[in-house]
Amino acid sequence: MKTVKKILNRLFNNLSKEEKSILQALKKRPQAPYDFLTRYENILKNAIKWDDLDFNNKTVMELGCGPHLGFGPLAIYLGAKKFIAVDPTANRKIYDSKILLDKYFRLAFKDYKGIFRKQISFGDFFQELKNKTIFYNDTKSIPKDLYSSIDIQLSNSCLEHIQDLENVLIDLKKLMAPNGRYIHAIDFGNHMQTNNPFIEIYNSTPSKFKIKHGSKINLIPPSKMLNLFTKTGFNSPSLVPYYYFEENFELNIDKYWSNYLEESDYFLKVGIIAE
Ligand SMILES: C[S@@+](CC[C@H](N)C(=O)[O-])C[C@H]1O[C@@H](n2cnc3c(N)ncnc32)[C@H](O)[C@@H]1O
C-alpha cells in the first residue's frame with residue numbers, strides 16, 4: 001500500500017504547476033464551471049429579471065479564469081466565437097498536457113454532451129477550444145482592438161483578490177460591447193478556514209488584516225463594490241446576495257466596519273454583480 005502511495009506521489013510531483021493546480025483545486029470535478037454558472041443564473045432568475053446567457057456566436061471573456069480556463073470550455077461548447085482568458089496563471093501550455101486532456105477536458109466535454117447533446121466530437125471541440133482561446137495575463141495587456149467587443153464578461157471569486165479594482169473595472173468597462181452582459185461572483189469572506197468567514201475581518205481593520213494575513217483579498221464590502229461598478233460606467237449593475245453567513249461570530253465588530261458598512265453588507269458571504 002505504501003509503495004502504491006509513493007508511486008502516486010511521485011507521479012503527482014512530476015506534474016507541471018498548471019496540471020497540479022487544475023487537478024487539485026477542482027478536486028477532479030470538471031463539472032464545476034457548469035455547476036457554478038447554472039447556480040448563478042438560477043439565483044439571478046429568482047431574484048431579478050434575468051434571461052439566461054446565450055453564448056452562441058458571442059465573444060466571451062473571463063477575468064481570473066484560473067489555469068483550467070473556468071467557463072471557457074463550456075462557452076466554446078455552447079458556440080462562443082472567442083474566449084478571452086485573462087489570468088496570470090492561465091497558459092496555452094495546458095493544451096499540450098495529455099493528462100489534462102484525459103482527466104479534465106475530455107470529462108468536461110462528456111458532461112456538456114450529456115446535458116446539451118450537441119453532435120460534435122471531442123477532437124473537434126478541443127481543436128475549437130484551442131483555436132478560439134486568447135490568453136492575457138491581465139486587463140492591461142489586452143489590446144485596444146478588443147475594446148467594445150466583449151458580449152459576455154464573467155468572473156468567479158476573482159474581484160475580491162484585485163487590489164487596484166477600480167482601474168481593472170475601468171478596463172472591463174472599455175472592453176464591454178454596447179449590449180454586453182456580465183456575471184461576477186464575489187466571495188466576501190476571509191478566505192480562511194474559520195468557523196465564521198468574517199472572523200479576522202469585522203473584529204479588525206483592513207490595515208491590521210493586511211499586516212497579519214497579507215493582501216490576498218481587498219476587503220471591499222458588497223455595497224462599495226457595487227458603487228465601483230457604477231462609478232466606472234457600468235449601466236445598471238445589480239448586486240444579488242447568494243448567501244449570508246452570520247453563525248459563529250461572537251466577537252465585537254470594529255468601529256471601522258460599523259461606520260463603513262451598509263446594513264445589507266453585514267455577513268454577506270457570496271454576492272453576484274450582474275446585468
Ligand atoms: C480564487 S482564484 C479563482 C479561480 C477560478 N475563477 C475558479 O473559480 O476556480 C482567483 C483567480 O484570479 C486571478 N487573478 C487575481 N488577480 C487578477 C487580475 N488582476 N487579473 C486577472 N486575474 C487575476 C488569480 O490568478 C486566480 O486564478
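Two residues are in contact here if their C-beta atoms, placed from the backbone, lie within 7 Å. With that in hand, here is a way to start on the fold: among contacts in the protein with a separation of 6 or more, 77% are made by residues 24 or more positions apart.

Some ground rules come next. What you have is a predicted model, where local features need pLDDT of at least 70 and side-chain atom pairs count only at pLDDT 80 or more, while totals for chains, interfaces and linings use all residues. Numbering of residues starts from 1 along each chain, as its sequence is written.

## The whole protein

The protein has 10 helices and seven strands; these are DSSP runs, numbered from the N terminus, with helices being H or I over at least four residues and strands being E over at least two. Its radius of gyration is 20 Å, close to the 19 Å that the globule rule gives for 275 residues, so the protein is as compact as a globular protein of that length. (That radius is taken over C-alpha atoms, and the rule is 2.2 Å times the number of residues to the power 0.38.) Along the principal axes, the C-alpha trace spans about 55 × 55 × 35 Å.

How much of the protein is buried? Of its 275 residues, 33% count as buried. The term goes by neighbour counts: a residue is buried if 20 or more other C-beta atoms lie within 10 Å of its own, exposed if 12 or fewer, and partly exposed in between, with C-beta atoms placed from the backbone.

## Strands side by side

Start with β2, residues 82–86, where four of the five residues are buried. Strand β1 (residues 59–63) pairs with β2 in the parallel sense over five bridges, and L63 has V86 in β2 as its bridge partner. Two strands pair, by the way, if DSSP finds at least two bridges between them. β2 also runs parallel to strand β3 (residues 133–136), with four bridges joining them; here F83 is partnered by T133 in β3.

Now look at β7, residues 268–274, which is mostly covered, with six of its seven residues buried. β7 pairs in the antiparallel sense with β5 over five bridges, and A185 stands opposite I272 in β7. β6 and β7 are antiparallel as well, over six bridges, and L239 has I273 in β7 for its bridge partner.

## Around the ligand

Which residues are closest to the ligand? They are G64, G66, D87, N156 and C158, out of 16 residues that surround the ligand. A residue counts as near if its C-beta atom, placed from the backbone, lies within 6 Å. By class, this shell has seven nonpolar, seven polar and two charged residues. Ala, Val, Leu, Ile, Met, Phe, Trp, Tyr, Cys and Pro count as nonpolar, Asp, Glu, Lys and Arg as charged, and the others, Gly among them, as polar.

Is P30 buried or exposed? P30 is buried, because 22 other C-beta atoms lie within 10 Å. You'll find P30 in the loop between α2 (17–25) and α3 (32–47). Leaving aside neighbours within four places in sequence, P30 is in contact with Y104, L107, A108 and D111.

R117 sits in the loop between α5 (98–116) and α6 (122–132). R117 is not a glycine, yet has a positive phi of about 60 degrees; R117 is exposed, with 7 other C-beta atoms within 10 Å. E200, in the loop between β5 (176–187) and α8 (206–213), has a positive phi of about 80 degrees without being a glycine. E200 counts as partly exposed because it has 18 C-beta neighbours inside 10 Å.

N235 is in the loop between α9 (222–231) and β6 (238–244) and is exposed, with 12 other C-beta atoms within 10 Å. I211, in helix α8, counts as exposed with 10 C-beta neighbours inside 10 Å.

| Pair | Apart in sequence | Apart in space |
|---|---|---|
| P30 and K103 | 73 residues | 8.3 Å |
| I211 and K140 | 71 residues | 28 Å |
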